Amino acid sequence: MLRVPEGERVDLSSYDASATPAGPADKAAGVLATAQMGDRLAGLQERLYAASTAADRRRVLLVLQGMDTSGKGGTVKHVIGLFNPSGCRIKAFKTPTAEELEHPFLWRVMKELPRPGEIGIFDRSHYEDVLIARVRGLVPRSRLGRRYGQINRFERSLEDDGVTVVKCFLHISYEQQRRRLLERLDNPDKHWKFSPGDIAERELWPAYQEAYEIALERCSTTYAPWYVVPADRKWYRNWAISRLLLEHLNALDPRYPKADFDVDLCRKQLLADRP
């Protein structure tokens with residue numbers, strides 16, 4: 001229900017950021033349902049990792065994009081916390097460094113991809129190069145236009161190499177973002193998460209919405225679709241992304257590899273050994 005159909009025009013104003021499509025009845029039920037998915041997610045993760053020891057190259061990449069306060073960090077904390085951290089590879093992309101700017105925009109992303117058997121999480125991603133780059137006019141429009149095709153080809157190559165790409169746009173409303181920013185100002189322990197620049201960025205809200213609409217329209221494909229996740233309700237956001245990951249891992253259906261040694265012989269040796 002959250003999937004963006006391939007090639008369809010996207011109008012984010014038609015998406016209700018406080019909606020709970022197909023979700024639990026309320027917050028209490030949502031929190032419980034998310035917790036109950038934990039064992040199944042952890043079990044599938046272990047099977048995926050185990051399969052990689054037998055040359056299975058499959059892995060999962062969760063891409064999180066959204067406006068400030070939409071909950072990218074919260075998703076990492078509450079959803080990825082359901083997994084074994086040793087099997088996860090988390091990367092938060094910041095402003096490109098001088099070295100990164102000397103390379104093609106996908107260069108820094110390729111270095112952070114999950115390895116076989118891992119679950120990778122991108123807090124922001126290569127899409128920053130068609131989002132903030134568009135809003136701030138950081139590159140010529142002709143080059144910007146080519147980047148959508150480059151992203152699609154890149155994601156197709158990931159799919160061909162065994163990467164299941166799950167791209168989630170955390171859709172927060174303008175008013176909800178205001179409330180969350182005010183909560184940060186009202187709590188001294190949250191001041192480190194606030195910047196006066198956050199207010200200036202809100203003035204660019206329409207431009208960012210347009211940039212997201214274009215990216216969602218041009219880069220939602222059969223092999224790497226976008227999902228618009230209503231994010232005004234944190235509990236629903238966590239439930240929806242957990243459910244998406246569970247569905248994709250179930251579809252992969254990773255299996256524990258069979259032993260490449262004589263199990264019975266090893267058992268006999270252990271039972272017969274003496275100090």
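Buried means under 20% relative accessible area, exposed means over 50%, and partly exposed lies in between, with a 1.4 Å probe and protein chains only. The model is predicted, so local features need pLDDT of at least 70 and side-chain atom pairs count only at pLDDT 80 or more, while totals for chains, interfaces and linings use all residues. Residues are numbered from 1 along each chain as its sequence is written, and side-chain values use heavy atoms, with hydrogens and water left out.

**Exercise 1.** Work out how β1 is placed and which strands it is joined to.

*Solution.* Begin with the naming: helices (H or I, at least four residues) and strands (E, at least two) are DSSP runs, numbered from the N terminus. Eight of the eight residues of β1 are buried, and the strand is therefore largely enclosed by the rest of the structure. Next come the partners, where two strands pair if DSSP finds at least two bridges between them. β1 runs parallel to β4 and is joined to it by eight bridges, with Gln-65 standing opposite Phe-169. β1 also runs parallel to β3 (residues 119–123), through five bridges, and there Leu-62 has Ile-121 as its bridge partner.

**Exercise 2.** Find which residues touch the most other members of the largest nonpolar core, and which element gives the largest share.

*Solution.* A nonpolar core is a set of buried Ala, Val, Leu, Ile, Met, Phe, Trp, Tyr and Cys residues joined through side-chain atoms within 4.5 Å. The largest one has 39 residues, and Tyr-127, Val-130 and Trp-226 touch the most other members. Among the elements that give two or more residues are α6 (128–135) and α10 (205–218), and α10 provides the largest share, seven residues. A second, separate core has 32 residues, including Leu-64 and Val-166.

**Exercise 3.** Describe how α6 and α10 cross and which classes of residue make their contact.

*Solution.* The axes, which are lines fitted to C-alpha atoms over the stretch in contact, with angles from 0 to 180 degrees between N-to-C directions, come within 9 Å and cross at roughly 145 degrees. In this contact (heavy atoms within 4.5 Å), α6 takes part through residues including Val-130 and Arg-134, and α10 through residues including Ala-211 and Ala-215. Counting Ala, Val, Leu, Ile, Met, Phe, Trp, Tyr, Cys and Pro as nonpolar, Asp, Glu, Lys and Arg as charged, and the others, Gly among them, as polar, the contact has 10 nonpolar, no polar and one charged residues.
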